Amino acid sequence: MTLFLQTTLNGLMLGGIYALAAVGFSLIFGVIGIVNLTHGVFVIAGAYLALLFYTELGLDPLLSMLPVGALLFAVGWIYQRTIIDWAISRASVEASLVVTFGMAMILRNLLQLWFGPDVQTITPFYSFFSVSVGPFRVDMVRLVALGSSMVLLLGLTLLLARTHFGRAMRAVAQQPLAAALSGLNVKRIHAMTFGVSAALAGASGAIIGIVQPFSAASEVAWTLNAFMVVVLGGVGSPAGALVGGLLLGLINSYTAQYFGPALTQAAMFLVLVLMLLLRPTGLLGNPYGESR
Amino acid sequence: MNRFVILLLTAVAALLVAMLPILLGPYYIRVLQTFFFFAGLGVAWNILGGYAGYWSFGHTVSIGIGAFTAAWLGLIFGAGSGPWSMILPVIAGALLSGLFALVIAYPLLRLRGTYFAIAMLGVSQVVAELVNNVSIFQGGIGVFLPSPVPSGMPVERFYYYIFAVVLSLLLLISWWVKRSRFGYALLAIREDEDTAMMLGVPTERYKMAAFVLSAVMVGLLGAIYGYSLGYFTTYSVFRLDWSLNMIVFCLIGGIGTLMGPVIGAALILFLTQVLLGGFLDLHLMITGALVVAVILVMPGGILRTRWRLPGRMPAREGAE
């Protein structure tokens, strides 16, 4: 029983990080309708930037989430204004799937050339602590990571629900044409959405850097994780990302514990395929879906 | 172009393909053999992705099933040798891959667009992990296939001819599909599935047929590829990057055209194997840049772009 509870706890911890890494992907999917296959690169780029800040300036990865997020916000903004916008206006939304895939290949290659192909980790001083509650043990880093994820997800929820910008974003997601007619600058909102998404991806990268080893090649896994989280939880909302992320984390840790770590990928995909067949909108559904 | 010119061109091309191994060194024969294999994969993917508009991101699953079926047959029944011994395993590989497609087709083809694409990616991932980790499949330690190459014949030349013949066969099938009632139904599904269904096209059945046909073609190529490797493990045939290569070939040449995948494969292989053979760490970037450039500059691929030469009328859209 203790083992089962410990596994559950580990799964939930992991799930919080999955949720944060996926929420930006979910936002773009929900608001613009694009599957951004570059998302994993943003996550890994965030991890590399945090590593750079840590080794060069001694900046703690949790603090470096701010500059990393700001940098990636700019990258995401420019990315949408140039490549994504060109692809949508010249070809189609489907073509953007392939363009983002092509960009992911280019950027992964660039990261590899720049930082080398080796697996990296960030190890701040609290890496080796763990907290014991009764019979359970929790790594300090994972606890910190989970806490920061929750704070950021809460921040995004408030941004979407309470601010003018959040309302504009939801309006553009529901009815792009009507939003434009009401005087919203749709292109600007799209660019902002990409910026916010990339910033969150970068911040999650900084957290992932202290929790897990990473390399440029792990980019693919993070993109796929984000897609799975979205399919499980539902598109476009932080709550959907949280539900999907926690579920994915649980699946991952139960499979690793009871069937062997080699089968985690297979189990995750199996649940993904089942979910697509039984409830393709995800557990929480798409808050903007009906009007599309 | 009239029929006579096409026939003449085909005859010249066939003669050229037959003669080339005499003129070229082993390395270039191998490059051409890979080209035939990749072009064949593109042609097969194109049946489902190009004609019917169902983009699969996990078509390598059929390569893997084809190759492993051939090897398992050898393990169970004992392997013969000589070129004729590979016929049965190769056909079995193609059929089993088709059977697998038939089983997963019913649930998966209810999905559309991105969801279908990613679900296929999931299927290929799951099958690969199962083959790798469940010990009776032997994927983790690897399987052997006896060499069917007749003695006295260079290995690369043998597979060069086999892949050339198979590619021609696949092109013939693709050509037939494209101009048959079946093909028109697939195009209707691609353009607007709901309307097609409303107009009486049995979309479910045709989609399934396209899916299975495509899987059989890839399984056939996969089984032969397995023979050409001789010894392979899970990840030498279940390769994620190949799933994407198939799409890229079609995209660059022209999705839904007959010769598009062949042209796309030729271009990519020429770039990566011949021009930039020495820059292995740049291949990913070049392929990616090419994909992005093609989408932005000529979204229809090479064959669907209006080419304007000075002093000539613009080519017809979609000419192939």
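## What chain A is built from

Start with the parts list: chain A has 11 helices and 2 strands. This is a predicted model. If you walk along the sequence, the elements of chain A come in the order α-α-α-α-β-β-α-α-α-α-α-α-α.

So how does that chain pack? Its radius of gyration is 19 Å, close to the 19 Å that the globule rule gives for 292 residues, so chain A is as compact as a globular protein of that length.

## Size and packing

Of the 292 residues in chain A, 53% are buried.

Contacts tell their own story. Take the contacts in chain A with a separation of 6 or more: 78% of them join residues 24 or more positions apart.

## Where chain A meets chain B

Now for the partner. Chain A puts 31 residues into the contact, and chain B puts in 28. On the side of chain A that touches chain B, three helices each supply at least two residues: α3 (61-90), α4 (93-115) and α11 (264-278). Which of them gives the most? That would be α4(A), with 13 residues.

And what kind of residues are they? Sorted by class, the side of chain A that touches chain B holds 26 nonpolar residues, along with 3 polar and 2 charged ones.

Conventions: Residues are numbered from 1 along each chain as its sequence is written. Chains are lettered from A and ligands numbered from 1 in the order in which they are written. This is a predicted model: local features need pLDDT of at least 70, side-chain atom pairs count only at pLDDT 80 or more; totals for chains, interfaces and linings use all residues. Helices (H or I, at least four residues) and strands (E, at least two) are DSSP runs, numbered from the N terminus. The radius of gyration is taken over C-alpha atoms; the globule rule is 2.2 Å times the number of residues to the power 0.38. A residue is buried if 20 or more other C-beta atoms lie within 10 Å of its own, exposed if 12 or fewer, and partly exposed in between; C-beta atoms are placed from the backbone. Two residues are in contact if their C-beta atoms, placed from the backbone, lie within 7 Å. Ala, Val, Leu, Ile, Met, Phe, Trp, Tyr, Cys and Pro count as nonpolar, Asp, Glu, Lys and Arg as charged, and the others, Gly among them, as polar.
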